[in-house]
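Colleague: I would like to go through this model feature by feature and learn how to read each one. Could we put the sequence and structure up before starting?

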Amino acid sequence: MVPDVSRGSRTIGLLHYLYRTSDIEAHVDPHIVAAYDPFVPDPGRHPDATFTDLAADLDQWVNALGDKAPAKHVWHCPVRTAPGDRHLSDDEWATVARRVLNATGIAPEGDDQACRWIAVRHAPDHIHIVATLVRADRTRPRHHKDGNRAQAECRKIEKEFGLRQLKEGDGTAAKLPTSAERHKAERLGQEDASRELLLEHVHRALAGAADEAEFFDRLAAEGVRIHKRIAPSGDALGYKVAIVGDRNGDQEPIWYSGSTLAPDLSLPRIRKRFADATAEGEHPTPATPLGRSAPARARLFATEATENVLVAIASADDGTVAAHMKGIGEILDALAQTSPGHTGTELRDAARYFERATRSHIQARDAQMQALRRAARQIVHSGPALGRGSDGTATATAMVLDVLLLAAIAAAGWYAARGHAQQAEASQRTAEHLRTAYSAAAQAPMAVMHANGQRLPAPLQRKHTRTALAALPPDVARRLQHEPGWPALAASLHEAEQAGCDAAALLKQAVDARELSTAESVSDVLVWRLRRLADLPAPVTAPRQADQPPASAAAPTLPQPSQASRRRR
């Protein structure tokens, strides 16, 4: 349940909007569900009631003050349920209105001198509370921090009414689309409201862009209208964007400035990202090894950059970590626009949620995110990830999604430890979508490695079991033996040895890279770390030896650490 407090100066103008149905399809059956006086004239229910009468009633104490009345005397608070919540009855909305007014100090319960107010419902999912900020005793209401108090009361109402329980607001969230904006989006055939689509378009254009010119070129390629505010010198002072076909009543485009979409999307803030990149200097794009596609190489570079972030989250200062979060957001935006099908859809949702996670009161040190920005740029410029089989794209995609999932989980913990509940929840939602995207991307390469691991002769199975037990802490080893991914890890250890690597040392390095307690699958994490450290190619089905059992044979059971220790003694 989301309240949104604002102030205005014309009571009758707001009433006309709330009751208007002729050109606002979202407004259906406008009527009063509660008021300071049950006999207040309701234009939605009484044929003789007029907006002028209702406005005069609400403004009575304001008008009594004459020139001493406050300029912005109209207190306006829409209260909206979350998507997916049930529709409340008029009586329930009346209760919501009274509780919000009591909590904010506008109309305390039992106060016969309180401000005059009404609550109007014109849609299933929200009401508008309108009050005038002069009490009957001609004093002002004590409504300091009314927005925060309304939020706190709505959290209590959510729990009592069985609604979706949102986190406490901190003033950093993007403005939610109104019901009118959502209905208009449906009428235009848009998947989302214009402000949501534009936020996504601008983030996609910014992901990894090298300079201002490239940013605007890519933004134009997104298919949105762009209007730059130009200084006499010819330099751009700012910009605004609009969805093609989204117009107001005068048939003019509905513009949104970058800073309206998000504070860090203003032109000065965007330029700061580019300036930090220029100060750091150019970095050549890594060469693409033979047999590995450009999208695969770009994803491997992003994997390495994101793994460095996992270390930073545990040790760096808050400003540096906040910058890394923004950089991860750019990588998610880059992956979302270059990944096909279901994986791309899940990544798009993950990017949206993580954009919310990056909004906080922590000042980011943007210069610290340049490695991640370079990785995002390489992903975008490497093209769509359409490769199959031995070009390594599928394997590299699974690898980067695995480490991004760990990063989202780590981000949730980092934000929660600092009391940023909204950002922690957004990170958790990001992780949910990344988990789904990872499962889809990893299915094919994991199946090959799993089959290869099952085909290993029994002596090699026992050898790799001993290697794993020697490298893993006892609690991690116990988790590993219950995971279905053990054969894939055994196959990767075998491939590393065949490539001339010290498999035991590599596994130890993979284990020591960071803690594994938050990993949903220890075997999956170790498989991808091991393959990256050994620079192993995409897995291919291994030939079966004559004396091997069928591939459907059960995977070997990993011994208990204590038993292995006794054997070693």
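Predicted model: local features only at pLDDT ≥ 70, side-chain atom pairs only at ≥ 80, totals over all residues.

Colleague: Which strands does E5 pair with, and in which sense?

Modeller: The general idea is that strands of a sheet pair through backbone hydrogen bonds, either parallel or antiparallel. Here strand E3 (residues 31-35) runs antiparallel to E5 and is joined to it by 4 bridges. Ile32 has Val120 of E5 as its bridge partner. E5 also pairs with strand E6 (residues 126-132), again in the antiparallel sense, over 6 bridges. Ala123 stands opposite His126 in E6, and a hairpin of 2 residues connects E5 to E6.

Colleague: In what order do E7, E8 and E9 lie in their sheet?

Modeller: These 3 strands make an open sheet in the order E7-E8-E9, with antiparallel pairing. Strand E7 (225-230) and strand E9 (256-257) are the edge strands, each pairing on one side only. Between E7 and strand E8 (residues 236-242) there are 6 bridges in the antiparallel sense. Ile230 has Ala236 in E8 as its bridge partner.

Colleague: Which helices lie across those strands, and at what angles to E8?

Modeller: Helix H7 (residues 194-206) lies across E8 and E9 and runs at about 130 degrees to E8. Helix H8 (residues 212-221) lies across E7 and E8, at about 15 degrees to E8.

Colleague: Turning to charges, how many salt bridges does the count come to?

Modeller: The count comes to 32 salt bridges. One of them is between the side chains of Arg99 and Glu153, at 2.8 Å from N to O. Arg99 belongs to helix H4 (residues 90-104) and Glu153 to helix H5 (residues 146-161), so this pair ties together parts that are 54 residues apart in sequence. Glu153 is buried because its relative accessible area is 12%.

Colleague: Which residue forms a salt bridge with Glu330?

Modeller: Glu330 pairs with Arg373, and their closest N and O atoms are 2.8 Å apart. The link is between distant parts of the chain: Glu330 is in helix H12 (residues 318-338) and Arg373 is in helix H14 (residues 370-382), 43 residues apart. Glu330 counts as buried because its relative accessibility is 3%. Arg373 is buried as well, at a relative accessible area of 4%.

Colleague: Which residues are linked in a network of salt bridges?

Modeller: Salt bridges link Glu191, Asp192, Glu200, Arg348 and Arg352 in a network.

Colleague: What should I make of Asp402, which is buried yet has no salt bridge?

Modeller: A salt bridge requires the nitrogen and oxygen to lie within 4 Å. For Asp402, the nearest side chain of opposite charge is that of Arg529, 6.1 Å away. Asp402 sits in helix H15 (residues 393-417). Beyond its neighbours within four places in sequence, Asp402 is in contact with Tyr438, Asp524, Val525 and Trp528.

Colleague: Where does Asp59 lie, and which residues does it touch?

Modeller: Asp59 is in the loop between helix H2 (51-58) and helix H3 (60-64). At 12% relative accessibility, Asp59 counts as buried. Not counting residues up to four places away in sequence, Asp59 touches Thr11, His73 and Thr132. Asp59 and Leu133 are 74 residues apart in sequence, and their C-alpha atoms are 9.0 Å apart in space.

Colleague: Last, the cysteines: how many disulfides are counted?

Modeller: The count is 0 disulfides. Cys77 is in none, and the nearest cysteine sulfur, that of Cys154, is 6.9 Å away. The cut-off for a disulfide is 2.5 Å between the sulfur atoms. Cys77 is buried because its relative accessibility is 0%, while Cys501 counts as partly exposed at 27%.

Notes. Residues numbered from 1 in each chain as written. Heavy atoms only, no water. Buried < 20%, exposed > 50% of the residue type's maximum accessible area, 1.4 Å probe, protein only. Lys, Arg positive; Asp, Glu negative; His and termini not counted. Contact = heavy atoms within 4.5 Å. Pairing = 2+ DSSP bridges. Axes fitted to C-alpha atoms, helices over the stretch in contact; angles between N-to-C directions.
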